[in-house]
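Student: Could we go through the contact between the two chains step by step, with the criteria stated as we go?

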Amino acid sequence: MTLINEHFASGSSVIHRIDPRIKVISAAVFTIILAISQQFETLIAGFFFSFSLVLLAGLNVKEVLKRLFVIIGFLILIWVIVPLTFEGEQLFKIGPFSVMKPGVFLSARITLKSVSILMALMALTATMALSTLGHAMSRLKISGKLVHLFMITIRYIAVIEQEYGRLLRAIKIRGFKPGTNMHTYRTFAYIIGILFVRASSRADRVYQAMRCRGFDGRFISIHEFQTHKRNGVFSALMILIIIFISILEWGHLIEF
Amino acid sequence: MIKTKKTIINLDKVSFFYPDRLPILDRLDFTFYQDEKIGMMAPNGSGKTTFFHIIMGLIKPESGKIEIFEKPVTREKDFLEVRRRIGLLFQDSDDQLFNPTVLEDIAFGPLNLGKTKEEAIEISRKTLEFIGLNGFENRITYKLSGGEKKLVALATILAMEPEVLLLDEPSAGLDEKTKERITTILRSLKISYIVVSHEFDFLSEISDSIYTLDRGKILSDAEMYIHQHYHAHPYGGRPHKHKNE
């Protein structure tokens, strides 16, 4: 098990070769618009575009479905609860339960939105290495502190995970079996505690090592992103898509 | 006496201790001259990491005087200069390599020293080549093997072109092949260094003289002399240890 999985990062599709900054901006705008949209036309179009982006990125469909399964649990919960608890027009009855039309519509919207947003993020932001994503964010003038928090997290989460793995093995070889009892809770509490202690002393040592190498609080990035014609083409395409779904959503508000 | 060599590090009665515990460094006197290559035998808990961290100004001694490059150093500002000129290789490479990719990590030091991006990248590539890790530029640091991490960590220090190296257990946990590579690299360096280790064979290959750091004191030859000799007895061919050593 590894916490960080950059499965989609390696690839040679068109989308993989687009400037990461454009992908980050596109993903942000596209997902925000989908998130606030209410019209079914918009959401269905958004779903279609997201799916096309996944195809364009040449992502392994099985892997994409595996990731979509993560949200399916939540969606099932929503489909079970929301249609029954909403007030409004009744669609039909199952035994004593009334299924409400606005509830069904809301559940459908949530499903479409979350699946489309997740697919768009997989196609746009997961198709670059996490470190590239960090650099793209820093180039987009996102706060340096946030970017380095992100970068150091991806670097050290693996180290902390290894430490966790070692602790688990250490208690297993001494015959530990988890159960529903005080001993188990205490053991896991100790493990979490020791992980925090180790992470904190690790942070001290990393900072010492950084000071030894002349760190004075400023981070300097060596990354440059190359310009290419396809970046312009892709930007234009994304702008058209975004305008299209915006018109679907809000077009009726404009009077000609 | 004609003084020919410059003093790099001079510790005068330096002590470091935590309350209610035996001192980690006990009125330590130590002088290190230019062009010296010193090996220091140091068992666990002998204060080796403390010793290096005091030289780098990462921790402050309770008492004693420190002179580095013939200048007294006390404040953080004094140590900024020390850290530019002395490189410290940490025992755990994971503490040292915090960047996502190898190239960025090596470029981190030179960039902090005020080099431009292009210069920093150029230095990093050259250092990787020197260390024998061509093509590692875009490798992800946390996915490297233990030996590769150690070599890259060494490269991050060498890229800053230090005048002196302090190496904290550089051979610990490495296989023979990587150990040999580190030995070759250290021997080809034209700079002074202090290596702390508890592997005598490794130290004897890379250093001109060997000291012992024990219970906060550095023991000179007169008090204790580590040596290697050959002897024979029954079952000597099997791995074994001798008492009273």
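Student: How many residue pairs are in polar contact across the interface of chain B and chain A?

Tutor: This is a predicted model, in which local features need pLDDT of at least 70 and side-chain atom pairs count only at pLDDT 80 or more, while totals for chains, interfaces and linings use all residues. Residues are numbered from 1 along each chain as its sequence is written, and side-chain values use heavy atoms, leaving out hydrogens and water. A polar contact is a pair of N or O atoms within 3.5 Å; within protein, one must be able to donate a hydrogen and the other to accept it, and residues adjacent in sequence count only if both atoms are side-chain atoms. With both residues at pLDDT 80 or more, the number of pairs that the rule finds between chain B and chain A is 13.

Student: Which helix gives the most to the side of chain B that touches chain A?

Tutor: Helices here are DSSP runs (H or I, at least four residues), numbered from the N terminus. Those of chain B that each supply at least two residues to this side include helix H4 (102-112) and helix H5 (117-131). With nine residues, the one that gives the most is H4(B).

Student: Which residue of chain B meets A:Arg155 in a salt bridge?

Tutor: A salt bridge requires a side-chain nitrogen of Lys or Arg within 4 Å of a carboxyl oxygen of Asp or Glu, and six are counted between chain B and chain A. In one of them, at 2.7 Å from N to O, the side chain of A:Arg155 meets that of B:Asp94.

Student: How many residues of chain A are in contact with chain B?

Tutor: Contact means heavy atoms within 4.5 Å. Chain B contributes 34 residues, and the number in chain A is 30.

Note on methods. Chains lettered and ligands numbered in written order.
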